[in-house]
Amino acid sequence: MSKFSDGRQPISCTVKAPVYLQIGESRAETAQSGVCVVDVALPFGKAVSIEEITFKNYYTAYITVRLLRRTSARDGPTKWCTALRDLLLMDNPHTERGSQDYYSIHRDQMLVEADHVVSVRLILKQPSSAWLAFSLEEIKIFPRMEPEPEKEVSDWLSDLILVDQHPDVEGLPDPQTVSSSIQQMWALTEVMQTNQTTASIGRFDVDGCYDIDLLSLT
Amino acid sequence: MDEGTELSLSIAQIVQRLKGSHLHSQIERQAKDCLHRPEIKLESLKEDVRSYLKTSGWEKKLQNAVYRELHLQLPPSHPTAPPEHLKEPLAYMRKAQASWEKRILKSLNSMSTELGVPLARQVGRPAAEQKELTDKWNEMGTDEPDLSRFRPVYAPKDFLEVLIGLRNPNHDSREEIGARSHWGLIQVPLNVRDIPQLRQAYSELNLNSGQLGIDDHAHVHPDLFENDYVQTGQKVVVEQDSAAAQQYSRRGCPTGLRADLWALILNSTNQQQDVMHYEQLKAGVIQHDLLVDNLIYKDVKLTASNDDYYFVFEDFLYQVLLCFSRDTGVLEHFKYNSATPPKSYLHGKVGDEDYAVVYPPNGVVPFHGFSMYVAPLCFLYNEPSKLYSVFREMYIRYFFRLHSISSSFSGIVSLCLQFERLLQTHLPQLFYHLRQIGAQPLRIAFKWMVRAFSGYLSTDQLLLLWDRILGYDSLEVVAVLAAAVFAFRAENLMEVTSLASAEAVLADLSTLKVIPLIQIFLFATAI
């Protein structure tokens, strides 16, 4: 499951400063509209396939994801499309639940294929006037890992392997059964080793000594 | 995360937790022993062993153990969420809890320094004293140590002040009066349920269902409800099914079955290994003498010993609480508790992590009234190891939430907010009046909620209330009862003109019948 592989590296992208949309004509009379746009620029020249977008919420109620995709050709024209509309992050915008939680958006949840993406735009909405600020933190975009083309490895391996001749054995057990039973025994010992008890010992002292001066305040 | 992944992760976590447990080795032994039985055939070994375990009741025990793990499991979380986020997702609450803990630690440190009593004695208890304590174990109440110098580390009202001061730095709390104004003391916008939602969640308590606490009264013929209900309860106990017992408990537990039902719900066994564990803890008490022991003695003397219902259980309370503070197994619950256990280092090894220890060993510093969490259980269990086992499970599932700052649904902050919201929404005139005379309702109700009403209600009523806490796996019903009590005494409260007289109206709750109050408040309030 790619979700739990720690070997993934996020793409180094630039998260631009959030732009809060204002209502009102003159500067002096602007009011918060509760909508904010965050642009995430992907490395220049590279069109990426997105596997997952993860972030930590900070009081955003809904998020819409729009992608700027390049249509197939290398230098072809780019087009904006909506990948996800109004995903709910806080089930009640006025209260705390979900306000500081971690979320992921997987490519399977998106309405369009997240391939050849040049730029990502996150539109954040927070309709409640209860909060002073809202945004997202720790935005990370994970690219799709291409599976290794298996042909290459087996190609050069097959060059090395000579004709497999059965050795002349008589009176000896079949090597296949021997190796498979050895494998089973090895697997069993592995299982025994990993069957560590989760029960704790319960001692609170260190070698019989529990002499404490003061509690640590740090 | 999609559901399939969440499920496999949950299963993996539960398997990991049950792997090294005593139940695991017992089932293995049973499986091995059953091999010589005639019905086990070699061709269908796996299925035969499985069906044997099913018929002999071991599968049910495993189901109960899994059910218990589901109760304690952390909610499925994002893989990148750090552990402190799992304890408490909101940063400002974590901060508030940390600074509250620091205050407690400073207070404990200064008590130790001022009184000249070490937190733990250098070489443990001397042998003569150990023998004396062992002999006196069952009657520690007769001991009259000099506790006058000791005072509780904190009382609920100190904790209330901290909760009142809780603020979300991102919350716009300007003073304009509007539809969102909250008249109460708690100023954090947590999700709490209102009556329409509570009616759905607590549907078994509705006016059309029979309840223990209402329909078992003398003037109601037992054939109408009670006899059948008790029979069902007996069947549940025979089945030994935790989930069924929990569902059953929602409408109350019959007095004769309550001890077994609660033990079943909490999956608290009293087998050989539990007794041995208790003896190990007792040895820990006898070997090492801790400062918190004096705090426990003091608390029991101040609260339970002065209570008409509980003073007879004084000795039990010492036995349970002293052992509780030595139980390192309790440290597990800090994974989902927003609190952190106090840390210290052995003498002369400050800063050396190899010599870092937790103090007290279970990480829980007792406060004024802590012993009241144990006292009602003494009515149900008279064997110390069983009483201990049930209390410990109740603490790590419910009671810890009543004295730590968190955004959890059952946490004390949510309960206080829910109480105030219920009052403001459904009894606005009363709330406004009390506010005007300087008697904020939470100041009166807080002490009830922090103890889950222990010591304020008569014991049979308290046990009926705790039936519902176990049945619904939530402390919400405590907040609902607090609001219902105010609703019940609303007429008298409208007449008072000061905080002191409001407190006097609500001083004595021992005559209240809690289930009718809760039922009427939830299902008969006009919305």
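Asp48(B) sits in helix 3 (residues 45–55) of chain B; helices here are DSSP runs of H or I with at least four residues, strands are runs of E with at least two, and both are numbered from the N terminus. The model is predicted, so local features need pLDDT of at least 70 and side-chain atom pairs count only at pLDDT 80 or more, while totals for chains, interfaces and linings use all residues. Residues are numbered from 1 along each chain as its sequence is written, chains are lettered from A and ligands numbered from 1 in the order in which they are written, and side-chain values use heavy atoms, with hydrogens and water left out.

Asp48(B) is buried, at a relative accessible area of 16%. Buried means under 20% relative accessible area, exposed means over 50%, and partly exposed lies in between (1.4 Å probe, protein chains only). Not counting residues up to four places away in sequence, Asp48(B) touches Glu39(B), Ile40(B) and Lys41(B), where contact means heavy atoms within 4.5 Å.

Charged side chains also pair up elsewhere. A salt bridge is a side-chain nitrogen of Lys or Arg within 4 Å of a carboxyl oxygen of Asp or Glu, and the count over all chains is 24. In one of them, Glu393(B) meets Arg68(B), with the closest N and O atoms 2.9 Å apart. This pair links distant parts of the chain, as Glu393(B) is in helix 16 (residues 384–397) and Arg68(B) in helix 4 (residues 58–72) of chain B, 325 residues apart. Glu393(B) is buried, with a relative accessible area of 6%, and Arg68(B) is buried at 16%.

Lys301(B) and Glu314(B) form another salt bridge, with the closest N and O atoms 2.7 Å apart. Lys301(B) lies in helix 14 (residues 291–302) and Glu314(B) in helix 15 (residues 314–324) of chain B, so the bridge ties together parts that are 13 residues apart in sequence. Lys301(B) is partly exposed at 22% relative accessibility, whereas Glu314(B) is buried at 14%.

A further salt bridge joins the side chains of Lys335(B) and Glu332(B) (3.7 Å, N to O). Lys335(B) is partly exposed at 46%, and Glu332(B) is partly exposed at 39%. Through shared partners, salt bridges join Arg17(B), Arg68(B), Glu69(B), Glu332(B), Lys335(B), Glu393(B) and Arg397(B) into one network.

Next comes the nonpolar interior. In soluble globular proteins, nonpolar side chains tend to be buried together. A nonpolar core is a set of buried Ala, Val, Leu, Ile, Met, Phe, Trp, Tyr and Cys residues joined through side-chain atoms within 4.5 Å. The largest one has 200 residues, and those with the most contacts inside it include Val120(A), Tyr359(B) and Phe486(B). Helix 21 (residues 476–488) of chain B gives the most to this core, with ten residues. Leaving aside neighbours within four places in sequence, Phe486(B) is in contact with residues including Phe419(B), Leu430(B), Trp448(B) and Leu506(B).

Finally, the two chains meet. 58 residues of chain B are in contact with 43 residues of chain A. The area buried between them is about 4500 Å², with 57% from carbon and sulfur atoms; buried area is the accessible area (1.4 Å probe) that two parts lose on being put together, summed over both.
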